[in-house]
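I opened the model in a viewer and kept notes as I went. The entries follow the order of my look-ups.

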Protein chains: 2
Amino acid sequence: MPYRAPIDDILFAMNHAAGMKEGIESGVYADIADGFARTLLEEAGKFAEDILDPINRSGDLHGSRLVNGGVQTAPGWKEAYAKWHEGGWAGVVTPQEFGGMGLPHLLNSACFEMWTAANMAFMLCPCLSFGAVDALIAHGSKALQDIWLPRLVSGEWPATMNLTEPQAGSDLAALRSRAERNPDGTYRISGQKIFITYGDHDMSANIVHLVLARLPDAPPGTRGISLFIVPKFLLNADGAPGAANDLRCTGVEHKMGIHGSPTCVMSYGDHGGAIGWLVGEENRGLACMFTMMNAARLAVGLQGVALGERAFQHALAYACERRQGRAAAYNGEGMAPIVYHPDVRRQLMTMKALTQAARAICYLTADATDRSHRLPDAEARKQAGERVALLTPVAKAFSTDIGNEVASIGVQVHGGMGFIEETGAAQFMRDARIAAIYEGTNGIQAIDLVQRKLPLSGGATVRREIQDMRRTLAELDRVNAPEFGKMALRLHEAVDALERATEWMLGKTGSALEDALAGATPYLRLFGLARGGVSLAAMALAARDGESGAAIPTARFFAEQIAVGAGALETTVTEGAEGVGGALAALGAVA
Amino acid sequence: MPYRAPIDDILFAMNHAAGMKEGIESGVYADIADGFARTLLEEAGKFAEDILDPINRSGDLHGSRLVNGGVQTAPGWKEAYAKWHEGGWAGVVTPQEFGGMGLPHLLNSACFEMWTAANMAFMLCPCLSFGAVDALIAHGSKALQDIWLPRLVSGEWPATMNLTEPQAGSDLAALRSRAERNPDGTYRISGQKIFITYGDHDMSANIVHLVLARLPDAPPGTRGISLFIVPKFLLNADGAPGAANDLRCTGVEHKMGIHGSPTCVMSYGDHGGAIGWLVGEENRGLACMFTMMNAARLAVGLQGVALGERAFQHALAYACERRQGRAAAYNGEGMAPIVYHPDVRRQLMTMKALTQAARAICYLTADATDRSHRLPDAEARKQAGERVALLTPVAKAFSTDIGNEVASIGVQVHGGMGFIEETGAAQFMRDARIAAIYEGTNGIQAIDLVQRKLPLSGGATVRREIQDMRRTLAELDRVNAPEFGKMALRLHEAVDALERATEWMLGKTGSALEDALAGATPYLRLFGLARGGVSLAAMALAARDGESGAAIPTARFFAEQIAVGAGALETTVTEGAEGVGGALAALGAVA
């Protein structure tokens with residue numbers, strides 16, 4: 001079934017899980033007041049429904065292929081990219097001084113969710129430009145900005161990120177690609193890169209590669225990495241693409257999913273070196289890359305939300321149509337639609353509740369990003385920035401885990417039809433699978449959360465987050481309506497568990513890091529359950545005023561049926577180190 | 001990496017999670033004493049490693065295709081099937097009077113696990129004959145048995161099961177295929193069947209279809225279904241395949257996984273009716289089919305174990321080889337093998353512990369099957385039979401859920417390489433996905449457990465199972481060695497939670513079935529955690545005598561890190577009805 005942009009659900013989450021309503025009232029979001037947010041979302045939703053969704057399956061079936069040295073995308077994709085460019089969608093958040101609309105990240109995140117739900121493989125292409133634009137604005141020289149930003153912000157030429165090499169994946173210190181200085185201030189880049197998303201394609205006249213490489217005299221490790229712009233085509237004097245640069249795609253991977261998105265092996269400098277321009281300072285490339293990666297990680301989290309929403313819509317429609325057996329709740333003629341069977345309902349509610357919790361966390365992260373730029377007070381901006389840092393690994397890993405889980409339940413709801421590719425449910429599951437892996441595996445996110453983010457401001461950032469949750473819980477206690485069931489009880493338990501686990505972690509990160517790392521993954525999950533559950537509760541409280549009737553049962557289901565696992569997660573965090581530590585021998589594979 | 005048959009692990013589970021050691025001592029398993037079990041497993045393991053594993057990937061890549069009206073299997077598959085037939089592996093459990101070896105189901109289950117781990121898609125073909133043989137022995141006339149059993153038991157001709165029709169999946173009452181009586185005692189079968197595994201192929205000279213259909217005067221619903229043998233080729237007077245029967249494969253599905261296994265749309269009787277022979281009595285086909293399905297459900301559970309084991313082996317090998325970053329536990333040169341990172345170790349231990357728990361439950365079910373036939377005392381045989389009935393839905397659903405989870409973690413351990421098809425990890429995940437769906441979805445299994453199995457003997461069967469768990473716990477309390485950590489505590493909690501949830505369920509199945517059904521899925525998971533954890537503890541206790549050093553840390557990890565979730569599952573079972581019940585409105589799709 002076709003994707004339907006869930007504008008009302010999205011606006012409700014923006015207003016009440018994230019802070020759009022408050023932000024419009026306080027002026028932080030003055031630029032999207034008076035219904036502007038809805039108007040823009042409706043336009044973006046139309047783009048998702050009318051342009052991106054119809055070519056989603058053709059991308060899965062045809063894939064992107066390497067033909068005569070160049071990558072051909074699936075039928076209709078080139079035309080869709082032209083419409084993306086025409087629509088100006090690439091520049092939603094870019095400041096107006098650089099040619100964008102300067103709108104909130106929160107709004108862009110909601111748009112991105114819809115576009116990705118309609119066609120994840122397609123959206124990987126424009127998505128990479130968001131981070132490239134951020135990096136150029138933050139670190140690029142005026143000259144570089146003047147040349148490249150207009151084409152990137154307009155969406156005319158998309159960007160790529162070239163980090164990974166065969167021996168350097170999660171650990172960029174092992175990177176080997178080389179950059180040598182030319183007398184004219186440019187550089188000659190050479191080396192092999194793998195897993196380069198949209199490393200080549202036929203959708204635009206040029207491609208702006210951002211490439212990490214080492215100078216000959218660079219220090220070893222991550223302090224010796226520099227970032228370069230290396231375009232597919234060098235520019236003529238008039239700025240139009242001219243001679244081909246010394247780079248090529250030598251292979252396209254066969255992947256489990258996102259077939260429409262070409263994952264390329266790239267070879268730079270086979271004929272003396274690809275011409276590149278330094279972004280920022282020499283040997284400071286990692287800082288630039290982190291600028292790109294933070295935004296990219298939230299975007300990947302939103303992919304989890306998007307695929308969850310898509311899979312949910314698909315499964316719900318099937319469950320309302322497919323009839324099998326009898327069900328007590330069904331009084332109609334013939335066999336009951338399977339949505340009437342309690343076990344199917346449990347599956348669908350699990351899909352819905354998980355997806356909405358992940359959406360809440362991602363939107364909250366986007367909202368904090370906006371506040372880190374827009375709040376008038378410097379200290380408040382700093383705190384918002386630290387909140388972004390804290391929530392980003394949770395948004396990425398929790399949401400993409402959920403994307404996998406929800407897409408898999410979606411297959412299950414379809415029964416045997418779910419395993420048949422024509423049904424579409426299997427594609428969502430295959431597509432979703434990569435999101436837990438790239439942009440730092442979810443294990444890396446958990447380590448980042450525990451090792452780098454919890455200690456921010458000596459623990460004050462995470463403690464502030466927990467206090468924020470407790471404010472919602474206090475409101476929940478005050479209201480305590482019967483239809484909320486045990487929501488308050490279960491969420492108190494979850495936040496208590498999170499607080500204890502957090503203090504345990506803060507006590508270990510200095511002295512016993514291995515123990516902390518052994519519990520990092522369940523800790524991140526616990527964080528997601530508590531934060532997600534409380535944000536759904538905030539939506540439920542707002543729904544009491546009648547705005548969204550489904551928010552209360554959804555929040556209740558999440559608290560009673562999902563967040564209820566928080567206590568066990570706390571135990572696995574605080575009691576797991578010995579079991580994980582003893583695993584080396586038990587695995588029997590290590591001397 | 002190639003599959004390695006884990007003979008030692010398997011024997012250890014057969015001896016100490018299931019009752020092989022006791023059975024050999026008491027005489028129940030006298031026929032596999034004196035090392036016979038190991039000898040046979042080693043032969044079966046060689047077949048898995050040398051014949052089935054090498055053609056696994058070709059099956060995934062080439063798939064089975066419909067060419068000129070017949071299904072062509074992948075290169076090498078026909079030859080492998082000939083070796084299967086030559087080896088006599090189809091008859092391991094069939095009584096000697098019917099041409100088999102008459103060996104225990106427990107032994108056959110262990111063989112089947114290995115064969116399936118090596119090549120799940122291939123093993124779906126011979127696997128269907130196991131149930132067909134059971135059905136023919138239990139319900140077929142002497143004449144039918146004489147004709148068909150020798151070919152089925154030798155593996156010369158494989159069988160199929162034809163149940164599903166487009167409108168009749170989980171609910172067979174809706175079945176429409178027709179059977180009309182011929183004057184000579186045969187029947188004319190017509191109708192369309194879908195999802196027929198190996199409905200056609202080129203690996204054998206004939207195919208023995210078992211088909212469910214309705215007689216013209218049959219009562220409606222499941223009481224009007226009859227079972228027929230409908231061969232692909234009718235037999236000449238000498239018993240050799242002769243004229244083609246009136247049936248054909250009209251399509252092969254494009255599936256997410258098990259590409260080597262043709263999932264066929266079958267059309268019977270396009271030219272007047274396919275000739276069929278009645279198995280058992282008219283209108284009693286469902287009873288025959290249930291004979292086939294119980295064995296098939298355990299086999300599907302073993303598929304979950306098999307894919308879990310396979311994915312674990314693959315991921316562990318990669319984690320020992322792939323190097324990234326530094327790790328405190330690694331003192332060697334250069335980057336650390338990723339198995340040294342605590343979070344990777346957690347993933348691998350989770351894979352291992354889950355897989356071994358599922359194996360324990362499946363082997364226990366097979367062991368009970370043997371005892372239901374072999375025990376000298378009639379009451380003991382009856383109790384063993386009820387134990388099979390109780391454990392079968394758990395073996396099927398818990399193990400296949402775990403197969404999915406473990407195969408997905410296996411992809412994750414590989415990082416980006418896991419998403420690339422050449423690595424192999426993705427195939428295990430795609431292949432495993434179907435096992436939670438077919439032979440009754442896991443939701444159906446949970447309903448079966450709660451609605452039909454808990455009430456067996458007025459609840460005595462399930463209470464006996466819990467008492468059996470408590471005997472192991474008492475032994476655990478007695479030993480209580482430091483290396484067991486909190487194993488005893490966590491397993492006591494899990495069994496207590498299971499017992500309370502069970503009594504709650506028993507109180508609801510009569511009076512408030514909807515409430516019970518709303519909690520059926522988490523109840524089954526809770527059952528699996530408790531039963532699996534206790535069985536691993538039994539293995540750990542046996543390992544104290546030095547037989548297997550890894551059993552203790554594995555059982556401990558399962559208890560402390562996985563079974564610890566039992567309490568929350570109990571809560572979701574007993575407090576979930578209202579949230580699930582209220583879902584119809586929250587889902588917003590049902591009037």
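The entries below go from conventions and confidence to the pair of chains, then to single helices and residues.

**Conventions.** I am working with a predicted model, in which local features need pLDDT of at least 70, side-chain atom pairs count only at pLDDT 80 or more, and totals for chains, interfaces and linings use all residues. I number residues from 1 along each chain as its sequence is written, and I letter chains from A and number ligands from 1 in the order in which they are written.

**Confidence.** I looked up pLDDT, the predictor's confidence in each residue from 0 to 100. Chain A averages 95, and 99% of its residues score at least 70. For the complex, the predictor gives an ipTM of 0.97 and a pTM of 0.97.

**Chain A overall.** I count 21 helices and 12 strands in chain A; helices (H or I, at least four residues) and strands (E, at least two) are DSSP runs, numbered from the N terminus. Along its principal axes the C-alpha trace spans about 75 × 60 × 60 Å. I checked the radius of gyration, taken over C-alpha atoms, against the globule rule of 2.2 Å times the number of residues to the power 0.38. For 591 residues a compact globule would have a radius near 25 Å, and the 24 Å of chain A agrees.

I call a residue buried if 20 or more other C-beta atoms lie within 10 Å of its own, exposed if 12 or fewer, and partly exposed in between, with C-beta atoms placed from the backbone. Buried residues are 63% of the 591 in chain A. I take two residues as in contact if their C-beta atoms, placed from the backbone, lie within 7 Å. Of the contacts in chain A with a separation of 6 or more, 76% join residues 24 or more positions apart.

**The interface.** I find 80 residues of chain B in contact with 80 residues of chain A. Helix α10 (residues 342-374) of chain B gives the largest share of the chain B side, 7 residues. By class, that side has 39 nonpolar, 26 polar and 15 charged residues; Ala, Val, Leu, Ile, Met, Phe, Trp, Tyr, Cys and Pro count as nonpolar, Asp, Glu, Lys and Arg as charged, and the others, Gly among them, as polar. Of the interface residues of chain B, 99% are also interface residues in chain A, so the copies meet through the same surface.

**Helix α3(B).** I compared its length with the expected span, 1.5 Å times one less than the number of residues. The 17 residues of α3 (residues 36-52) of chain B should span 24 Å, and the end C-alpha atoms are 23 Å apart, which agrees. Its buried residues include A37(B), L41(B), A44(B) and F47(B). Among the elements covering them are α1 (7-16), α5 (77-87) and α6 of chain B.

**Helix α6(B).** I note that 14 of the 14 residues of α6(B) are buried.

**Helix α8(A).** W148(A), L149(A), R151(A), L152(A) and V153(A) are buried in α8(A). Their cover includes α7 (120-139) and β3 (159-162) of chain A. Just after α8(A), G155(A) takes a positive phi of about 85°.

N283(A) has a positive phi of about 65° and is not a glycine. I place N283(A) in the loop between β12 (274-279) and α9 (285-321) of chain A. N283(A) is partly exposed, with 18 other C-beta atoms within 10 Å. E439(A), also not a glycine, has a positive phi near 55°. E439(A) sits in the loop between α12 (425-432) and α13 (442-453) of chain A, and with 25 C-beta neighbours inside 10 Å it counts as buried.

**V573(B).** I find V573(B) in helix α20 (residues 566-575) of chain B. With 30 C-beta neighbours inside 10 Å, V573(B) is buried. Beyond four places in sequence, V573(B) touches A501(B), W504(B), G519(B), P522(B), Y523(B) and L526(B).
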